Amino acid sequence: MSKLWGGRFTKKTDQLVEAYTASISFDQELAEEDIQGSLAHVQMLGKCGIIPSEDADKITEGLHAVLSKIRRGEVEFSVADEDIHMNIEKLLIEEIGSVGGKLHTGRSRNDQVATDMHLYLRKRVNEFVELLNKLQQALIGQAKQHTETILPGYTHLQRAQPILFAHHMMAYVSMFQRDIERLQDSYKRINTLPLGAGALAGTTFPIDRLFVAKELGFERIYNNSLDAVSDRDFIIEFLSNASMIMMHLSRLCEELVLWSSDEFNFVELDDAFCTGSSIMPQKKNPDVAELVRGKTGRVYGHLIGLLTLLKSLPLAYNKDMQEDKEGMFDTVNTLQGALQLFAPMIETMTVKKEQMRQAVNEDFSNATDIADYLVNKGLPFRQAHEVIGKAVLHCIQNKKYLLNLELEEFKQFSSLFEKDIYETLQPEQVVNARNVYGGTACNQVIEAINRAEEAIQETEQWIDKYIEKN
């Protein structure tokens with residue numbers, strides 16, 4: 001069969017050009033979305049009297065038949081037919097005859113492919129919100145078990161102040177909550193219908209774009225036909241959101257890699273999420289965490305790639321925009337794989353609270369509290385800071401920690417020290433002294449967990465709403 005657009009041409013397409021310009025090797029991922037959009041489009045054509053209703057019915061039946069064959073794996077897509085749209089149209093014509101050629105009335109591949117990608121990303125955003133929600137639940141599960149587990153908190157990867165392990169987990173819950181909110185906010189831009197824009201200027205047929213939007217569950221339609229076919233902001237926004245999610249995952253991965261090392265020995269990852277060495281039998285490598293950390297750069301690359309692709313394109317559609325899909329598909333697969341693994345990896349992680357507590361007992365992360373102790377006794381903070389600095393230096397020189405100092409040693413640095421300094425220096429006291437909203441005190445962390453669980457319920461309601469809608 002000749003090209004569906006071949007009437008203008010006197011020569012066949014060069015085979016090298018055919019292979020180079022075809023997108024079917026990757027855009028076949030959009031097969032179901034393409035048929036979904038076509039079903040709504042043909043219903044509209046029949047309703048508006050643009051094609052006879054019996055033709056619309058026949059095309060509808062044919063599209064369902066093609067979809068069934070695709071789902072059963074009976075279809076072999078052809079490079080000669082370039083892309084998913086023309087492959088499906090050709091399959092439709094083979095299924096029902098020449099009447100299948102009426103399907104493309106009132107639309108272009110330009111608005112068709114844009115619609116497919118909106119449908120595709122709309123579904124994926126729902127999936128990622130749900131996966132992030134499950135990851136939050138896994139983190140909260142660990143937090144609930146460790147509302148009294150203390151570990152060193154770090155700045156500059158140097159021990160800074162004691163914190164609750166639950167507080168540390170809840171920091172990531174907050175990060176992923178922002179990621180969820182960004183995805184939810186992007187949904188309204190993804191859920192905008194471009195179909196009906198034609199190639200760039202609209203169509204001469206009396207189509208009903210609002211009907212198609214309602215059939216496909218779109219909340220809005222594009223106001224400008226040029227913008228509708230050339231807009232890829234919604235993909236850039238998705239890639240940006242995905243990059244931030246991967247960045248947050250990567251930060252947690254880095255900590256899991258550090259914490260599971262012998263040098264830290266704070267956690268142990270379950271065997272199911274680690275691998276061994278081909279030469280060193282003692283090794284247990286946190287490969288999942290390392291690979292997620294590594295794949296973050298891959299997702300960043302797709303974002304920069306699409307931004308670079310679009311930066312010099314004139315309106316409206318250009319063939320360059322065929323390059324918008326592979327990075328999007330790869331990002332979806334990369335992010336999906338990471339999130340599917342992460343929740344069970346966190347759930348099965350063993351937290352070594354004794355080692356964490358030992359680390360807190362063998363550092364100077366309670367030093368700030370001694371400064372605050374002196375401030376509460378009337379000494380200006382800058383002077384208190386200097387006093388404690390000298391006390392820490394004394395400890396280092398004498399191979400001691402602050403809790404090991406005798407009261408007489410404390411008094412060498414300030415006469416304001418009394419026996420109550422030892423209570424102030426206890427890690428539990430240091431942690432619970434941070435009793436401010438968002439702080440690491442036990443009661444504040446429990447309240448944070450309660451707030452997070454309320455947010456999780458709201459997210460689940462959002463998921464139910466949009467899954468049902470779509």
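Reader: How is the lining of the largest cavity split into nonpolar, polar and charged residues?
Author: Quick note first: this is a predicted model, so local features need pLDDT of at least 70 and side-chain atom pairs pLDDT 80 or more, while totals for chains, interfaces and linings use all residues. Residues are numbered from 1 along each chain as its sequence is written, and side-chain values use heavy atoms, without hydrogens or water. A cavity is a set of points on a 1 Å grid over the protein atoms alone where a 1.4 Å probe fits but cannot get out, and lining residues have an atom within 4 Å of a point. With Ala, Val, Leu, Ile, Met, Phe, Trp, Tyr, Cys and Pro as nonpolar, Asp, Glu, Lys and Arg as charged and the others, Gly among them, as polar, the lining has 7 nonpolar, 3 polar and 1 charged residues.

Reader: What volume does that cavity have?
Author: Its lining includes Pro162, Asp363, Tyr401 and Pro427. Volume here is the space filled by probe spheres set on grid points, joined across faces, edges and corners. For the largest cavity that gives about 80 Å³.

Reader: Which element gives the most to the lining of the largest pocket?
Author: A pocket is an open set of points with protein on both sides within 12 Å along at least five of seven lines. This one is about 500 Å³, and of its 19 lining residues, Tyr154, Ile163, His168, Arg251 and Glu255 lie nearest its centre. Strands S1 (150–155) and S2 (158–164) and helices H7 (165–190) and H10 (233–259) each give two or more residues. With 6 residues, the top contributor is H10.

Reader: Which residues touch the most other members of the largest nonpolar core?
Author: Such a core joins buried (under 20% relative accessible area, 1.4 Å probe, protein chains only) Ala, Val, Leu, Ile, Met, Phe, Trp, Tyr and Cys residues through side-chain atoms within 4.5 Å. Leaving aside neighbours within four places in sequence, Leu256 is in contact (heavy atoms within 4.5 Å) with residues including Val267, Ala289, Phe342 and Met349. Among the core's 123 residues, the ones touching the most other members are Leu249, Leu256 and Phe342.

Definitions and conventions:
Buried < 20%, exposed > 50% of the residue type's maximum accessible area, 1.4 Å probe, protein only. Helix = DSSP H or I, 4+ residues; strand = E, 2+ residues; numbered from the N terminus.
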